[in-house]
Amino acid sequence: MADDQGNLVRVNEVAGLLFPQARAGTAIAGTVPAWLSEAHTRCLAPVTAPTSAPGAGALVKGPVGDRSYEAHPTVRGDGTVVWWLVDDTDHRLAREALRMERARTAFLGEASNVLLSSLNLERCMDVTAQMAAEHLADAAVVIAPSRGRELPIVSCVRGGLPEASRVAAHPEVVPGLAEALQGFPPVPSRWIDPATAPAWLVPEGFGTVGSIVITPLPGHGVPAGALVLLRRAGGAGFTEGEEVFARLFAARAGAAMSAARLYAEQASISETLMRELLPPSLHQVAGVEYAGGYRPSLDHERIGGDFYDVHPAAVAGGASLVVLGDVCGKGLEAAVMTGKIRNTLHALLPMADDHPRMLNLLNTALLNTHDARFATLVLASAVREGAAVELRLTSAGHPAPLILRTDGTVEEAATHGTLVGALPAVTTETAAVTLAPGETCLLFTDGITEARGGPLGGAMFGDARLRRVLAECTGMPAEAVVERVQMLASEWVGGGRHDDMAVVAISAPRTNHLSAVDGHTRGRFTA
């Protein structure tokens, strides 16, 4: 209790233990903490006095030693003030712990969102280093598993940008690093001497390292790397709670890095397999001009059930084999089936001159697989004979090829047959066709003729329209014919749904006369 003159009137036993110098009759100022003596002065000030500080009767808080207290004033009628002090340390610590826990939870949530928003491994390492440096330490280093003799690392200092590099170093020189890279539990920071940190582990210009935390970045079955946290000398070291929190962050970062690495590996495998499933680019082979075009049923897909191949003759002067097919179905499953068919046909190339036998062997191979899909095919053997191209065309359940003559006439090749992969045997009829210079044979899948669109959106492109389009391509090279047919079919479909579309053009190139070099010797023709 203190009077209006700032003198202590009474000090009970507990208050005497808290403030050893407090005695009745002594001044409150200098006897108790400044925050309490100042609160006593404000408490006695007139209510009308302009001040932004708490007024009479206001609760105040402050530290006493290593603990905190709430001081509750009661102003008596004679001008004295009775101060009741309540120990608030446990409540304050609980509030601070709750606030810190909420902040850490929010940080972990933000980290998860940021890390999982990218499937790029380098980006994940950058984000991990930067977030760890900003929230957990003065600097952070993310180390990925070694690639050969080098360690891929990303380092970041608080307030800076992440920097990636590769160092030729052995992780065993850093206590706990080799174990962390193998996924073993982390070594407590108190066991690591900061002076042993090698130069490559400390960002340039960081200064003297005061404490280090090394924790693994756990992945999906395989460790994703290690996270190293650094604090400068002279600052506070890592507490046990901070090390535990660092492991929680590392778990999220490791999961994101592992997912990014797995995605990169799968993307690489898919790209390798995709190259084998994609239709090849075509060009002139042995004096015969080829061109092809393919559009999958969905724009975001690259492969589907339509395919084509051109297999050059094994010996000079032999016929090249052209294959165009359509597997039942769409997307990846159909594309896998096309891969099987293409590989089987490639193995049967020694008998490419015998279309029926080749198709029946393919049919037997498809019937012996667990896949119930079937396919339609058209085979074309093409060989240059003088200026013309001789074709043998065989259809197995596929639309018959169209022949474009030099006068604009469009003919249908007289070939037909049963599809492959459905019946015990394949029956076919082969047609022989001669292409004069400038004439083209068009192979196509039903995705072209059955494409629906047009002004009303539901009409089929149809055989008649395809013939008219082809007749307009008279005299065009094979590549131009394919581009023209694809362009008009795509315009017809517009943004509507459609099946896979594949087109192959086989042309007999026009010959051009080259004059004699010296004006006397005989000139020659070239394609």
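What follows is a short exchange about labels and the values behind them.

Modeller: This is a predicted model, in which local features need pLDDT of at least 70 and side-chain atom pairs count only at pLDDT 80 or more, while totals for chains, interfaces and linings use all residues. Residues are numbered from 1 along each chain as its sequence is written, and side-chain values use heavy atoms, with hydrogens and water left out.

Biologist: What pLDDT does the protein chain average?

Modeller: pLDDT is the predictor's confidence in each residue, from 0 to 100. The protein chain averages 85, and 90% of the residues score at least 70. Over residues 47–56 the value is below 50, and this stretch has 5 contacts beyond near neighbours in sequence. Residues 513–527 also stay under 50. For them the model has 19 contacts beyond four places in sequence. A contact means heavy atoms within 4.5 Å.

Biologist: How many helices and strands does the protein chain have?

Modeller: There are 11 helices and 23 strands. Both are DSSP runs, numbered from the N terminus: helices are H or I with at least four residues, strands are E with at least two.

Biologist: Why is Ala 400 called buried?

Modeller: Buried means under 20% relative accessible area, exposed over 50%, partly exposed in between (1.4 Å probe, protein chains only). Ala 400 has 12% relative accessibility, so it counts as buried. Ala 400 is found in the loop between β13 (388–396) and β14 (402–404). Leaving aside neighbours within four places in sequence, Ala 400 is in contact with Glu 412, Ala 413, Thr 415 and Phe 444. Ala 400 and Glu 412 are 12 residues apart in sequence, and their C-alpha atoms are 6.4 Å apart. Across the protein chain, buried residues make up 43% of the 527 residues.

Biologist: Why is β13 described as largely enclosed by the rest of the structure?

Modeller: Count its buried residues: 7 of the 9 residues of β13 are buried, so the strand is largely enclosed.

Biologist: How do you know that β12 and β13 pair?

Modeller: Two strands pair if DSSP finds at least two bridges between them. Strand β12 (residues 375–385) and β13 are joined by 8 bridges, so they pass that rule, and they run antiparallel. Leu 379 has Thr 394 in β13 as its bridge partner. The two strands form a hairpin with 2 residues between them. In the turn, Gly 386 has a positive phi of about 70°.

Biologist: Which strand pairs with β13 over 6 bridges?

Modeller: Strand β17 (residues 428–435), in the antiparallel sense. Val 389 stands opposite Leu 435 in β17, and Arg 392 has Ala 432 as its bridge partner there. These strands belong to an open sheet of 6 strands in the order β10-β11-β12-β13-β17-β16.

Biologist: What makes β10 and β16 edge strands?

Modeller: Each pairs on one side only: β10 (306–311) and β16 (416–417).

Biologist: What makes a set of residues a nonpolar core?

Modeller: They must be buried Ala, Val, Leu, Ile, Met, Phe, Trp, Tyr or Cys residues, joined through side-chain atoms within 4.5 Å. The largest such core has 33 residues. Those with the most contacts inside it are Leu 217, Leu 227, Leu 229, Phe 249 and Met 257. Elements that each supply at least two of its residues include α3 (89–116), β8 (225–232) and α6 (240–277). Leaving aside neighbours within four places in sequence, Met 257 is in contact with several residues, among them Leu 121, Cys 124 and Leu 217.
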